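Subject: Structure handover

Hello,

Here is the structure for you to look through. Some notes on what was found in it follow below.

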Amino acid sequence: MRRCKKCGAPAVIYMRQHRLGLCKAHYLEWFVEQTERTIRRYRMFRRDEKLLVAVSGGKDSLAVWDVLWRLGYQADGLYIALGIDGGIGYSAESQRLAEKFAQERGLTLHIVDIPGEYGLGIPELARRSRRGKGKPCSVCGLVKRHEMNRMAHDMGYDVLVTGHNLDDEVAVLFGNVLQWQMGYIVRQGPVLPEEPGFARKAKPLVRFYERETAAYALLRGIEYIYDECPFAQGAKSIYYKELLNRLEEERPGAKLQFYVNFLKAKEEGWFRDPREAAGPVQVVLHRCESCGQPTTAPGKCAFCRLMDQVGAQAQASRT
Amino acid sequence: MSERQVEKTATLKLRGQVYTVPAGLRIREAIQHIGLTPESYLPVRDGELVPDDERLKPGDEIRLVAVISGG
């Protein structure tokens, strides 16, 4: 029987990449300590800063919120109701779980209701727009990014926190390396610094494998939405995660090494925007003429253009 | 299934599917035995998480929790 490395009690988990087995009590303790170390290592935020945690009702976002709460950070939650049903009441159930979690801990949860705010849920927005070729994931990402940034900015939060884990990051990195998407590769990291109009973004669970965040949620008794988003089926990111897990099976620690060595190489300057040779790159940001959020092109931002497009189509279908 | 077979087997359950596997295998070997990647699942026995390098005892019932999410 595998024993806890700290106390000798029966272990509940063995992490092959760390050669570490832990019992329930020591695993929960280790997870919280490691998160704090990651926050410090990457200078994510301080205790006097106001954090807004993007909460989906899934294991990762609820786990990160739980840990930040235990560590004494000022962390409120933001749930974005996307209006996805998929025959399983997906959005309604995720919202219920996010609300239950916040209520049990006496935490503040802000809710943005997309169908309520904009008249249409994500599936309908995607159907009416030309984005995503029938898959709503691209529209969903755009809407979530816009709303998270709007809420963080309007409500005066310093940092937007997400529950991304190491498997999420490695799948993105792997996908970008396959395509050599250097623009994305140079920007990937555990922290995205604040820019005028954009809050800083931080991912405190970035050093944990996905099975470790799931283990934390299970052991802590956090009720999370187990069903996958109905639109995630066949997603490329899930395929990459499966592939990388097969690699991890043969080479324990492969995912961790891939990510950590990438960050190290980035720190050492191996990945740099070539424009930096002529001095620091200044991305010129404009104010969206409709919502006021920063945008790289003059005029309206991508979100407002989407809303215009969908509104125009909705109007056209009525005539 | 006869009593004798039950003695030599254990079961893995995943999203309503039940798989019969030989007892004596390590849990991760049993997960591979049914064609899945152990890294993508957490094994739970009697409501408690168990390390996946533990050996299955005859009659063990293991629930597999899928850990991959995303889109």
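Which residue in β5(A) does I80(A) stand opposite? The residue opposite I80(A) is V112(A).

A note on the basis: this is a predicted model, where local features need pLDDT of at least 70, side-chain atom pairs count only at pLDDT 80 or more, and totals for chains, interfaces and linings use all residues. Residues are numbered from 1 along each chain as its sequence is written, chains are lettered from A and ligands numbered from 1 in the order in which they are written, and side-chain values use heavy atoms, without hydrogens and water.

Chain A has an open sheet of six strands in the order β5-β4-β3-β6-β8-β7, with mixed pairing (strands are DSSP runs of E, at least two residues, and helices are runs of H or I, at least four, numbered from the N terminus; strands pair if DSSP finds at least two bridges between them). β5 (109–113) and β7 (191–192) of chain A are at the edges with a single partner strand each, so one side of each has no neighbour in the sheet. Strand β4 (residues 74–81) of chain A runs parallel to β5(A), joined by five bridges.

The contact between the chains (heavy atoms within 4.5 Å) takes 31 residues from chain A and 26 residues from chain B. Four salt bridges are found across this interface (a side-chain nitrogen of Lys or Arg within 4 Å of a carboxyl oxygen of Asp or Glu). In one salt bridge, R211(A) meets D52(B) at 3.2 Å, N to O.

Regards
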